[in-house]
Amino acid sequence: MKLPSVVTMKPLLWVIGVLALVVIALSVCLVVVRANARAAAASYEGAATACASQKEGANTRVAELAAANAGYGRTVGVLQAELALAQNQAATLKRQSDSAVAAAEAREADANQTLKQFMNRYAGQARETRCALALTEVEASCPAFSGY
């Protein structure tokens, strides 16, 4: 062997050994990284499944709330219609009661006027001697008519 080949042979073997160790270390790192990647992928798949089920639950809840909101809208519409009908009936009853009260007050005024006329006529006739004697005779024959 010649000198240059001996000088280059040993370092070359060392370089090949170091490179072999680097390849082995990189292979081990690759195995570790692949295992971590598979674990992360499995974790992400589980999280994706959980998110999908949450999304499905949220969509179901949204559908339920939309249906409840539609039912609420129908109920409010029915209640507003009933309220309007009740308000119309209340207004009609108020007009009828006002007219009935006015008619009753008119009849009361008429009755008071008739009573006043009768009392004036009675008071005038009671002063006449002929009527006074007649009333005295009526009271004497029927005590129930006394005190008028």
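Predicted model: local features only at pLDDT ≥ 70, side-chain atom pairs only at ≥ 80, totals over all residues.

Reply: The count is 0 disulfides, taking a disulfide as a pair of cysteine sulfur atoms within 2.5 Å.

Me: How exposed are Cys-29 and Cys-51?

Reply: Cys-29 is partly exposed, at 44% relative accessible area. Cys-51 is partly exposed too, at 48%. The classes are buried under 20% relative accessible area, exposed over 50%, and partly exposed in between, with a 1.4 Å probe and protein chains only.

Me: OK, overall fold. How many helices and strands?

Reply: The protein chain has 2 helices and 0 strands. These are DSSP runs numbered from the N terminus: helices are H or I with at least four residues, strands are E with at least two. Helix α1 covers residues 3-127.

Me: What share of the residues is buried?

Reply: Of the 148 residues in the protein chain, 1% count as buried. The chain's accessible surface is about 12,600 Å², and 67% of that belongs to carbon and sulfur atoms. Areas come from the Shrake-Rupley method with a 1.4 Å probe; for residues, only the protein chains shown count as cover.

Me: Switching to charges. How many salt bridges?

Reply: There are 2 salt bridges. The rule wants a side-chain nitrogen of Lys or Arg within 4 Å of a carboxyl oxygen of Asp or Glu.

Me: Which residue does Arg-61 pair with?

Reply: Arg-61 bridges to Glu-64, with the closest N and O atoms 3.6 Å apart. Both lie in helix α1, 3 residues apart, about one turn of the helix. Arg-61 is partly exposed at 47%, and Glu-64 is partly exposed at 43%.

Me: And Lys-94?

Reply: Lys-94 pairs with Asp-98, closest N and O atoms 3.3 Å apart. They sit 4 residues apart in helix α1, so about one helical turn separates them. Asp-98 is partly exposed at 41%.

Me: Which residues make the nonpolar surface patch?

Reply: Met-9, Leu-12, Leu-13 and Ile-16 make a patch of about 380 Å². Patch residues have over 30% relative accessible area and no salt bridge; like charges are joined within 9 Å, nonpolar side chains (Val, Leu, Ile, Met, Phe, Trp, Tyr) within 5 Å.

Me: Why does Leu-13 count as exposed?

Reply: Because its relative accessibility is 53%. Leu-13 is in helix α1.

Methods
Residues numbered from 1 in each chain as written. Heavy atoms only, no water.
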